[in-house]
Amino acid sequence: MTRVDKSLALAFSATIAAGALFAIPHAVKAEAAIGGFLKNVCSSVKPCITAFNNGSGSAVTGRSASGSGLVGITTNAFTVTGHPKSGVIGYDRSTDNGGQNNGAAGFSSSGYGGLFVTKNPSNTTHYPEVGVAGVDASTDGGLYNVGVFGQSNAIGVLAVGLAPPQSPSQPQEPGLLALCAGGGPAMIANNGTASPGGDIMSLDCGGNMILTGTLTTNGTPQIATQTTTGTKVAAFSERDAQATIDDVGDADLRGGYAAVRLEPRFASAIDPHVSYRVFVTPEGDSRGLYVAQKTMNGFVVRENQGGRSSLAFSYRIVATPYGATLKRLPALASVEHPAVRVPSRIEALANVRRRFAVHALDATQL
């Protein structure tokens, strides 16, 4: 090693944290870097530079007054090597199962704790890449790990989609995409307690959604309805002034009299303290029908003016659901939760592209 090589190596080793053991496992050619302090070049399957610290301090510390503290770059040609590599990689290789270490951690006093950006030209490569990928690579079959976790005193995870709407026949590019890859639910919202008791919303792979609260919509609810011609049409749901539960059926009048029992499951689902309504429609000539008596078990229908006709009739029951608490036509503000507002965060996230332009590293600058 020449005197210049020794001087450069000693100067570089001074940047290693106190107590670190500096080692160069293979022959390394050290030379001054253009625009930098030191450039180490080697050709090996092992690291050019390795630092070990047997104490509690850092093995390597990078600090810059106005630039990046540490930079990692790979020029691996995956299509040639067949092996994916990373510009920077962090491992937690502890074996005590403490669960508190991190493979990599990023902290910022006023900016992003981590900024990950992909510049994959998908129109050219025809395959997707992601800015952030979180993967649970455990193999013991456990169901406790999380691929991506977000926690905040404000919004835990914010997803923003910038793609324009696609034609109905094409896949859409949403702000948030949830996939059912293993058969479990696509999405669950929980109130912070144990699942499933604390689940307040679930959406399964069949598109079935379950809510524990109230669904409020400002639009007109539509129901896709299959027709006999094989096409689908949009049907509209009723708009009621108060919460109701209905049932319909058919019965027979014999000698001007009919006793109709409420279906037991329907009877148990209505409020026993509120009278229900019965609308009857005779399906034959008569003097008219009326409801003579109502109980929680059923109702009695008779013919007007003491008539003794025998005929079929249909009926509709409208009742108040058991447990219904909302009053008739409540003010919307009393049932509508305040909208989640994201003031300047959307604009701030739009600035990620500009921020990336500042942080972007060109290999020619290194």
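Predicted model: local features only at pLDDT ≥ 70, side-chain atom pairs only at ≥ 80, totals over all residues.
Now for the hairpin: strand 13 and strand 14 form one, with 3 residues between them. The two run antiparallel, and 5 bridges join strand 13 (residues 289–294) to strand 14 (residues 298–303). If you want to find the pairing on screen, Tyr-290 stands opposite Arg-302, and Lys-294 stands opposite Phe-299.

## Salt bridges around Arg-316

The count comes to 4 salt bridges, taking a side-chain nitrogen of Lys or Arg within 4 Å of a carboxyl oxygen of Asp or Glu as the rule. Glu-238, Asp-246 and Arg-316 are linked in a network. Asp-246 meets Arg-316 at 2.5 Å, N to O. Asp-246 lies in strand 10 and Arg-316 in strand 15, so this pair ties together parts 70 residues apart in sequence.

Glu-238 also meets Arg-316, at 3.8 Å, N to O. Glu-238 is in the loop between strand 9 (232–236) and strand 10 (245–253), so its pairing with Arg-316 in strand 15 (residues 311–319) ties together parts 78 residues apart in sequence. Glu-238 counts as exposed at 59% relative accessibility (exposed is over 50%, buried under 20%, partly exposed in between, with a 1.4 Å probe and protein chains only). Arg-316 is partly exposed at 33%, and so is Asp-246 at 32%.

## Another charged pair

Glu-263 and Arg-265 meet in a salt bridge too, at 3.0 Å, N to O. Glu-263 is partly exposed at 31% relative accessibility, while Arg-265 is exposed at 65%.

## The chain overall

Zooming out, the chain has 6 helices and 15 strands (helices are DSSP H or I runs of at least four residues). Buried residues make up 12% of its 366 residues.

## Reading the numbers

Residues are numbered from 1 along each chain as its sequence is written, and side-chain values use heavy atoms, leaving out hydrogens and water. Local features need pLDDT of at least 70 and side-chain atom pairs count only at pLDDT 80 or more, while totals for chains, interfaces and linings use all residues.

Terms used:
Pairing = 2+ DSSP bridges.
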